[in-house]
Each structure stands twice: as structure tokens, then as C-alpha cells.
Amino acid sequence: MASTVEGGDTALLPEFPRGPLDAYRARASFSWKELALFTEGEGMLRFKKTIFSALENDPLFARSPGADLSLEKYRELNFLRCKRIFEYDFLSVEDMFKSPLKVPALIQCLGMYDSSLAAKYLLHSLVFGSAVYSSGSERHLTYIQKIFRMEIFGCFALTELSHGSNTKAIRTTAHYDPATEDVRQRFGASLGSLSSGRVSIVSLAILNLKLAVAIALRFSATRRQFGPTEEEEIPVLEYPMQQWRLLPYLAAVYALDHFSKSLFLDLVELQRGLASGDRSARQAELGREIHALASASKPLASWTTQQGIQECREACGGHGYLAMNRLGVLRDDNDPNCTYEGDNNILLQQTSNYLLGLLAHQVHDGACFRSPLKSVDFLDAYPGILDQKFEVSSVADCLDSAVALAAYKWLVCYLLRETYQKLNQEKRSGSSDFEARNKCQVSHGRPLALAFVELTVVQRFHEHVHQPSVPPSLRAVLGRLSALYALWSLSRHAALLYRGGYFSGEQAGEVLESAVLALCSQLKDDAVALVDVIAPPDFVLDSPIGRADGELYKNLWGAVLQESKVLERASWWPEFSVNKPVIGSLKSKL
């Protein structure tokens, strides 16, 4: 990989246009090209470049500023665009099996251009296509090629109007098969099949956060406001408040994106086992574990994105409200992710129930905490972990994600114990199992599920950035990203850490807060280069204040003039002739 960077593969990773962002790019502690190659790999970068280039050069995907299509026309255009994607054949069925990570990569590329296009492609090819492939008989296989040529098109039909999350209550008859019998195993395998949609939504949410963070940080590096003297204004990114508002979400993008890819590969392993007829106990437990992770990671990703986009929009001031800068659209696009495939708060119950079931099994049968993906294996040390305390006394000792990992393990053990005891207390008081679980959700089960999935994200990203294959030149910046995401996420549980006794005194909370601010300061000069790794081409990003050249005001005026040309051609323009002098004034400023 290093040789590719040194060779200056400008066709794959071209240099950015010169402009106001040059100063920050020059101060970066690493090569953004080297990080892109490490994060994605050369093959994936070429795959994404092929998709982005095709979209930019195809008139069907041309951006039309100021043109508001009717819903009917927009749906028609979106259908034609989806059909064109299949005609390009970016990803064949064979490629899906050979390089499975190209599937979420394609969805992210399409979603960065237009979230509706990604949703339509995803539902048709993966949800409808995989349903025919996995559930159909041999005679249905003839439809697969027709699906990928869009000769037939899939839609979602819910057979019972009164049911959503309560899948057990759907009035569908199931017959027991004595040949397959170990109910737990069959249920575990079926749970895994419910996870694909939720895993996909994690990826969809993250792509929206990528775009919002890219726009807000490039804006923050070029927007100047106030300064140490009346004559000098500085970029707003230099202010600790702006760093604290935005840089944790940049770290979240990197951590959650890595987790999303790894969880997708776990799902692929499960589906391959199902396709090969694997009916082992491990396969069933894998399905249950993936179901628990997917049920909590969808809320985590969609809520983090929801909060992040709002923060990005506000951090861009009045420019954040401007429709052409896209932040409002991104917020609207992400909002449904919090609801479909299961309301977030309801889904979290699936994860807390999984953990409570494991603890009950251990208490009654003495079973060890073991899972195929090892996400719960640390619970074997449950009693000893609960005896631990936060003993870090300085900020310098806190700047590593290992510190947050230890705290998260204690937090999950504490919440698991408290939730289990609360559940049993409610039952002893006469509550039914249904009532007892409902009474445990708000203050116990919900934070338990979130802490568990946050721990898993932190653990996987920590292991990723500390593996021996990480180039020496990237270790520092990746380590800071890992530590920032971990400590920032942990800081939101400070009240629980104090309540349970892991934190004591003022110093613990102060050290945690100071460490987050210190990491933000250390990452400030790397922020633009880190954005350069994750941001799509300007055509796809489609935000004047987020363009790669950093020419903030020039790009804004240019976008306004483009829209004015659309208005001038509109049949109702004469009614608004009063605006023509204003447009002329804008032109003169250029």
C-alpha cells in the first residue's frame, strides 16, 4: 500500500484543488491517501470511483438546482435511475458472494448521491432478491436474473395490518417438523434472518453522518469569525467549542463505519451457514448474537446520526439552514432510520432480553458466558469486574481507548446485575413477566442495551486500530479517533458510573471531560484530512459549503446564480421581476 501512495496514483486518489483548505491539509500529521488505502483497500477505492464517475458522467443523474419535481415525477425519475444502476452492472451476483463488502459499499455510494435511490436499490435487490433466492424453490431461481435486469420489480407487502414489532402475534400457522426438532436452535437461526435489514440501516445512517460531518468540518475550516485582534479573524474550527461539537461525530463515523462492516461480514457468515444447511448449536447462537447486536446498533447508529446532523447544521450557523447546503435534507433522510425495521426503543428490549437470558442461564445452570463472536465472553469475569474502580488520575493516562473499555465492561456488568435484580424484585412483588419487563426498561434495560453495543463498537475499533498491520504513520491519529469516540460515548453515562460507585469524587468526571477536550484539540489539525478520506466527490456531496476546494463564498454565490438561471427560465419568472436587480448584483460580486 505504501508503494502505491509513494507512486502518486493520482488517477485513483487525485489531489484536491488548491484553495483555503490547503493550510489545514498541510498541517495534517498523516497522509490522507495512505489512510484511505488502509481503510478501504485499493480494490474498494477503485470500485467506489467507478460508481461515482458513472453517476457524474450520466445525464440521467445530473443535478438540477432549483427544480422541484412533483412526487410522481420524482418517483418516475428514481425508478429510471435505479434501472440504470442495474444496467451498469456494478455488482453482479457472483461479486456479492466473492466480495461481500462491495454490497454495503454500493449502497453507501448510491445513498450519498440520493438516499431514496439507495433505498429503492436495497429493497429490490437485497430484500426482494434475497427473499426469492433463500425462500423460493428451484423453479423460482429463474426470476433471479429478471430481478437484476429489473424485468420484474419487488415491493413490500405486509399481510397483517395490525402487527409491527410483535412478530410472534402474527396469525400465521407454523407446523412442527420432528425431523429438525434443540426449538432454541430454530428460533436462533430465524432471528438472524431478521437482522439483514437492520444491519443495512446501520450503513445507511452512517453515510448520512459522513456527509454531514464532511460539510460541517470543511465549512468550519474556512469560515472565519472573530479573532485575537480586530484585524485578524480565525477559522471557527480553531475554537474549542466548535471542536467539541463536531470532532466526536467525526470519530463516531470512523468507529461506527468499521463496526458496520464487521457486523455485515458476521451476517454473511450466518447466511452462508443457513444456505449450506448448517443446523448446529453454534449456528443458532450466532443468529441470536447477531440479532442482539443488530437490534441495538440500529438505534445507536440512527440516533448518533440524528444528533450529529443536528449539531452539524447548528454549527454551520445560518448557512446550515440553507437548503442548497443539504444538511436539512440529510436530517430528513435519516429520520425514518429511527423507526422502520423496528422502533429504536422497542428494539433495545431485544438486546437487553438476550443479555438477561444469558445471565439467567448462568445463575441456574452454571453455564459460562460464551458466544460465537465473543461479544459477551468478558462477562465470565462478572464478579471481579464489579469490584473494579476508576483509578486514572491524570488526563495523559486517560488518552487511550483501553481506559474506556475497562469502564464500559464494568458498566455493562453493573447494569446487567441491576436489571436482573430489578426484574426479579418486580416478579416477587406480584408482577407478571410481561409487567416486570416493562417496568425494567426505562432505567435499566434501555441503558444496558446501549452500553453493551457501545462497548462492542469501542472494542472492535480499538482492536482494529491497534493491530500490527496498521502503518506506523497512522497509529497516532487512529488511536486518537478510537480514544475520542470511546471517552465521548462513555461520558454520557457519567451519572450511572457515579451511581454505581465506579467513579468517585470530582476528579474522575473532570479527567474524563478534560480528556475529551484534549483529544479534540489534538485532532483539530487532522480534521480536514480525515474528512478527505470519507467525503465523496463534490458532485455527490452536493453542498457549496462542503466542496473540496474550500472556496466557501465563491461556491455559495455560484450556486445562487445557478438557481437564478433556473428561475429565469421558469414561466412564472416575470411575476418576480423585482428580484432581477438582486441577481444582477450577485453577478457583479463575482
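**Salt bridges, buried side chains and the nonpolar core**

Because Arg 46 and Glu 42 are 4 residues apart in helix α4 (residues 42–57), about one helical turn separates them. The side chains of Arg 46 and Glu 42 meet in a salt bridge, with N and O 2.9 Å apart, where a salt bridge is defined as a side-chain nitrogen of Lys or Arg within 4 Å of a carboxyl oxygen of Asp or Glu. Arg 46 is partly exposed at 38% relative accessibility, and Glu 42 is also partly exposed, at 31%; here buried means under 20% relative accessible area, exposed means over 50%, and partly exposed lies in between (1.4 Å probe, protein chains only).

The structure is a predicted model, in which local features need pLDDT of at least 70 and side-chain atom pairs count only at pLDDT 80 or more, whereas totals for chains, interfaces and linings use all residues. Residues are numbered from 1 along each chain as its sequence is written, and side-chain values use heavy atoms, with hydrogens and water left out.

The secondary structure comprises 26 helices and 0 strands, these being DSSP runs numbered from the N terminus (helices H or I, at least four residues; strands E, at least two). Of the 590 residues in the protein, 51% are buried. The protein exposes about 27800 Å², of which carbon and sulfur atoms supply 54%, with accessible areas taken from the Shrake-Rupley method with a 1.4 Å probe, and with only the protein chains shown counting as cover for residues.

Side chains of opposite charge can pair when their charged atoms come close. Over the whole structure, 29 salt bridges are found. One of them joins the side chains of Glu 15 and Lys 33 (2.8 Å, N to O). This pair links distant parts of the chain, since Glu 15 is in the loop between α1 (2–6) and α2 (22–27) while Lys 33 is in helix α3 (residues 32–40), 18 residues apart. Glu 15 is exposed, at 56% relative accessibility, whereas Lys 33 is buried, with a relative accessible area of 8%. A network of salt bridges links Glu 40, Lys 48, Lys 210, Asp 257 and Lys 261.

Arg 218, in helix α11 (residues 195–222), is buried, with a relative accessible area of 2%. A polar atom of the Arg 218 side chain lies 2.9 Å from the backbone oxygen of Gly 546. Beyond its neighbours within four places in sequence, Arg 218 is in contact (heavy atoms within 4.5 Å) with residues including Phe 16, Asp 538 and Arg 547. Asp 538 and Arg 547 themselves form a salt bridge, the closest N and O atoms being 3.7 Å apart; Asp 538 is buried at 17% relative accessibility, and Arg 547 is partly exposed at 33%.

Gln 283, in helix α13 (residues 281–315), is likewise buried, with a relative accessible area of 4%. A polar atom of the Gln 283 side chain lies 2.8 Å from the backbone oxygen of Leu 270, and Leu 270 is among the residues in contact with Gln 283, as are Gly 273, Leu 274 and Asp 278.

The largest nonpolar core holds 177 residues, of which Leu 250 and Tyr 485 touch the most other members; such a core is a set of buried Ala, Val, Leu, Ile, Met, Phe, Trp, Tyr and Cys residues joined through side-chain atoms within 4.5 Å. Leaving aside neighbours within four places in sequence, the contacts of Tyr 485 include Ala 251, Leu 300 and Val 457.

Notes:
Polar contact = N/O pair within 3.5 Å; in protein donor to acceptor, adjacent residues only side chain to side chain.
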